[in-house]
Amino acid sequence: MATVILLRHGRTTANASGTLAGRTPGVKLDAIGRGQAARAGERLGGVRLASVVSSPLERCRQTARLVLAAQSEAPELRTERGITECDYGEWQGRSLGELAKEKLWKVVQTQPSAAVFPGGESLPAMQARAVTAVRRLDAELESAHGPGAVWCAVSHGDIIKSVLADALGMHLDLFQRINVDPASISIIRYTESRPYVLATNTHAGDLSWLSAPPAKARRGSRSAEPSTAGSDGVVGGGAGPAGT
């Protein structure tokens with residue numbers, strides 16, 4: 001199938017203050033975040049993107065616009081609610097230091113498959129709708145642009161971690177082992193047989209290899225197994241939800 005670049009939004013004012021922003025409106029990139037997003041856009045400037053799809057939240061749309069600004073033939077920006085931030089419910093807007101004292105915090109860190117945010121959604125529900133959205137969009141873009149299509153999904157830390165965990169065949173309870181920094185780039189290539197994770201949490205390196213024509217598919221397989229040659233190599237890591 002096509003190749004999806006998963007880009008987390010740049011640093012926000014909430015990231016800087018240690019607040020769980022969630023779906024709070026008006027949370028924007030700070031000066032550091034704008035610089036991070038611009039550099040990610042520059043990395044992607046040599047990749048012809050078939051589409052840029054963003055979470056509806058402002059911090060992701062800001063990041064996506066900086067990616068589009070670096071494209072010589074920029075596609076239209078699309079938004080997709082399926083990759084919006086986790087609904088943290090009553091946790092939204094609270095400080096991470098305060099949340100770390102809640103009993104649910106340990107569940108989120110050690111058994112996220114059992115975590116349901118009060119007044120919000122569960123982490124399994126978050127993963128299910130995010131993975132469904134990414135796989136659906138990937139299939140649509142391959143159908144429209146061919147198996148060599150590359151597209152970018154601009155989303156949030158926990159969303160990207162959950163999509164990567166699914167692609168890696170990891171149980172959701174292990175997704176805290178994945179790190180996704182602000183403005184980092186991760187890459188997945190889906191095939192008929194399995195997904196291939198080509199890169200995770202990268203901040204530097206040439207990405208022009210993504211625009212190379214796909215290898216000839218093996219008989220009986222719609223897409224060839226990818227070569228990783230040329231690739232550079234929350235509620236997460238015990239630090240709390242990445243959804244700031």
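Modeller: Happy to. Let's start with a helix: α2, residues 31–44, lies across β1 (3–8), β4, β5 and β6, and runs at about 40 degrees to β5. Bear in mind that this is a predicted model.

Colleague: Which other helix lies across β1, β4, β5 and β6?

Modeller: That's α7, residues 157–167, running at about 145 degrees to β1.

Colleague: What does the secondary structure come to in total?

Modeller: There are 7 helices and 6 strands. Along the sequence they follow the pattern β-α-α-β-α-β-α-α-α-β-α-β-β.

Colleague: How are the strands arranged in the sheet?

Modeller: The 6 strands make an open sheet, ordered β3-β2-β4-β1-β5-β6, with mixed pairing. From one strand to the next, the twist averages 20 degrees.

Colleague: What makes β3 and β6 edge strands?

Modeller: Each has a single partner strand, so one side of each is left without a neighbour in the sheet.

Colleague: How do you know that β2 and β4 count as paired?

Modeller: The rule asks for at least two bridges. β2 (residues 51–54) and β4 (residues 150–155) have 4 bridges, in the parallel sense, so they count as a pair by that rule. Along this pairing, Ser-51 stands opposite Trp-151 in β4.

Colleague: And how many bridges link β2 to β3?

Modeller: β2 and β3 (residues 77–79) pair over 3 bridges, again in the parallel sense. Here Val-53 stands opposite Arg-78 in β3.

Colleague: How covered is β6?

Modeller: Mostly: 6 of its 8 residues are buried. In β2, both faces are covered, with Ser-51 and Val-53 buried on one side and Val-52 and Ser-54 on the other.

Colleague: What makes a residue such as Ala-149 "buried"?

Modeller: The cut-off is under 20% relative accessible area. Ala-149 has 6%, so it is buried. It sits in the loop between α6 (123–145) and β4.

Colleague: Which residues does Ala-149 contact, leaving aside neighbours within four places in sequence?

Modeller: Ala-149 is in contact with Ala-2, Thr-3, Ala-50 and Leu-141. As for distances, the C-alpha atoms of Ala-149 and Asp-138 are 8.9 Å apart, and the two residues are 11 apart along the chain.

Colleague: Now His-156: buried or exposed?

Modeller: Its relative accessible area is 0%, so His-156 is buried. It lies in the loop between β4 and α7. Not counting residues up to four places away in sequence, His-156 touches Arg-8, His-9, Ser-55, Leu-57, Arg-59, Cys-60, Ile-83, Thr-84 and Glu-85.

Colleague: How far apart are His-156 and Leu-7?

Modeller: In sequence, 149 residues; in space, 8.0 Å from C-alpha to C-alpha.

Colleague: Cys-60 was among those contacts. Why does Cys-60 count as buried?

Modeller: Because Cys-60 comes out at 0% relative accessibility, and the cut-off is under 20%. Cys-152 is also at 0%, so it counts as buried as well.

Colleague: How many disulfides are there?

Modeller: The structure holds 0. To qualify, a pair of cysteine sulfur atoms has to be within 2.5 Å.

Key: Residues are numbered from 1 along each chain as its sequence is written. This is a predicted model: local features need pLDDT of at least 70, side-chain atom pairs count only at pLDDT 80 or more; totals for chains, interfaces and linings use all residues. Side-chain values use heavy atoms; hydrogens and water are left out. Buried means under 20% relative accessible area, exposed over 50%, partly exposed in between (1.4 Å probe, protein chains only). Helices (H or I, at least four residues) and strands (E, at least two) are DSSP runs, numbered from the N terminus. Axes are lines fitted to C-alpha atoms, for helices over the stretch in contact, and angles run from 0 to 180 degrees between N-to-C directions. Contact means heavy atoms within 4.5 Å.
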